[in-house]
Amino acid sequence: KPSAYATGKLPCSRYNADPTKECEYGVLRYGPGKARLMVLWPDSTRRMFGVYEKTVSSASGKVEVTAAADGTLTFTLNAVGMATERYTVPADVITPK
């Protein structure tokens, strides 16, 4: 059962050279480091991610994750037949302080 729901905006980009945009997100938190994250692009494309600590999964493709010292996660989604997508997710989106 989710313990909290939150919404906001986070940095996102497609392709390596594209400028960063702001994507809307909704997150269901299930405890420290555990969440379901939905990201909505400005063009209405949606992506869903499962987060378990520093492991991230998506039905849309393979996800590579980089974690910064401050807990920020950068997801790189390599979706089959689509552009590479990158999301920067501050630590408090998944586990609030």
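In the predicted model, serine 58 occupies the loop that joins β5 (55-57) to β6 (61-67). Its relative accessible area is 15%, and because this value is under 20%, serine 58 is classed as buried. A polar atom of the serine 58 side chain lies 3.1 Å from the backbone nitrogen of serine 60. When neighbours within four places in sequence are left aside, the contacts of serine 58 are Met48, Phe49, Val63 and Leu77.

The largest nonpolar core comprises 22 residues, and the members that touch the most others are Val27, Leu37, Phe49, Phe75, Tyr87 and Val89. At least two residues of this core are supplied by each of β1 (4-14), β2 (21-31), β3 (34-40), β4 (46-52), β7 (73-79), β8 (84-89) and α1 (91-94). Strand β7 provides the largest share, four residues. In soluble globular proteins, nonpolar side chains tend to be buried together.

Three aromatic pairs were found in a search of the whole structure. In one of them, tryptophan 41 and tyrosine 87, the ring centres are 5.8 Å apart and the planes stand at 70°, so the arrangement is edge-to-face. Tryptophan 41 belongs to the loop between β3 and β4, whereas tyrosine 87 belongs to strand β8; the pair therefore ties together parts separated by 46 residues in sequence. Both tryptophan 41 and tyrosine 87 are buried.

Tyrosine 87 also pairs with phenylalanine 49, with ring centres 5.1 Å apart and planes at 70°, so this pair is edge-to-face as well. Since phenylalanine 49 is located in strand β4 and tyrosine 87 in strand β8, the pair links parts that are 38 residues apart in sequence. Phenylalanine 49, like tyrosine 87, is buried.

Trp41, Phe49, Phe75 and Tyr87 together make up one aromatic cluster. Of this cluster, Phe49, Phe75 and Tyr87 are also named among the core members that touch the most others. At tryptophan 41, the charged end of arginine 14 sits over the ring, 4.0 Å from the ring centre.

Conventions
Residues numbered from 1 in each chain as written. Predicted model: local features only at pLDDT ≥ 70, side-chain atom pairs only at ≥ 80, totals over all residues. Heavy atoms only, no water. Core = buried A, V, L, I, M, F, W, Y, C linked by side-chain atoms within 4.5 Å. Buried < 20%, exposed > 50% of the residue type's maximum accessible area, 1.4 Å probe, protein only. Polar contact = N/O pair within 3.5 Å; in protein donor to acceptor, adjacent residues only side chain to side chain. Contact = heavy atoms within 4.5 Å. Phe/Tyr/Trp six-rings, centres within 6.5 Å; stacked < 30°, edge-to-face > 60°. Lys NZ or Arg CZ within 6 Å of the ring centre and 35° of its normal.
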